[in-house]
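Biologist: Hi! Could you walk me through this one and tell me how the labels are decided?

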Amino acid sequence: MKCKAGNTDELKGYLNQLVAASTKEEACLQYELYQSTDDDTRFIFHETWASQEGLDVHEQQPHIKIFIEQVKEIIDGTIVIYKTEKVS
């Protein structure tokens with residue numbers, strides 16, 4: 001995701017709260033936040049979940065819904081999610 005200019009620190013605070021809450025979920029195996037070195041307004045998560053069911057539960061957690069409300073005015077564009085599988 002990307003935030004609007006001038007909102008980097010605010011978004012980073014919300015993202016760190018999301019990491020703290022999400023890593024407490026039973027199905028969460030990995031939930032890491034990264035910030036672009038070329039554009040400090042761009043962030044990505046690398047997440048690993050024990051199962052699709054665990055991810056489904058995650059997506060319904062109150063902290064996810066709160067996060068979406070908190071950032072809706074400061075993100076630039078939409079939140080893009082890529083589901084991947086490890087190749088090797």
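Modeller: Leaving out residues up to four places away in sequence, methionine 1 touches Leu11, Leu15, Thr41, Arg42, Phe43, Phe45, Phe67, Ile75 and Ile79. Contact here means heavy atoms within 4.5 Å. This is a predicted model, where local features need pLDDT of at least 70 and side-chain atom pairs count only at pLDDT 80 or more, while totals for chains, interfaces and linings use all residues. Residues are numbered from 1 along each chain as its sequence is written, and side-chain values use heavy atoms, with hydrogens and water left out.

Biologist: Why is histidine 63 called buried?

Modeller: Buried means under 20% relative accessible area (exposed is over 50%, partly exposed in between; 1.4 Å probe, protein chains only). Histidine 63 has 18%, so it counts as buried.

Biologist: Where does histidine 63 lie?

Modeller: In helix H3, residues 62-71. Helices (H or I, at least four residues) and strands (E, at least two) are DSSP runs, numbered from the N terminus.

Biologist: Which residues of H3 are buried?

Modeller: His63, Ile64, Phe67 and Val71. Down the axis of H3, they fall within an arc of 100°, so they line one face of the helix. That arc is taken from the directions from the helix axis to the C-beta atoms.

Biologist: What covers the buried residues of H3?

Modeller: The cover includes helix H1 (8-22), strand S1 (28-35) and helix H2 (52-59).
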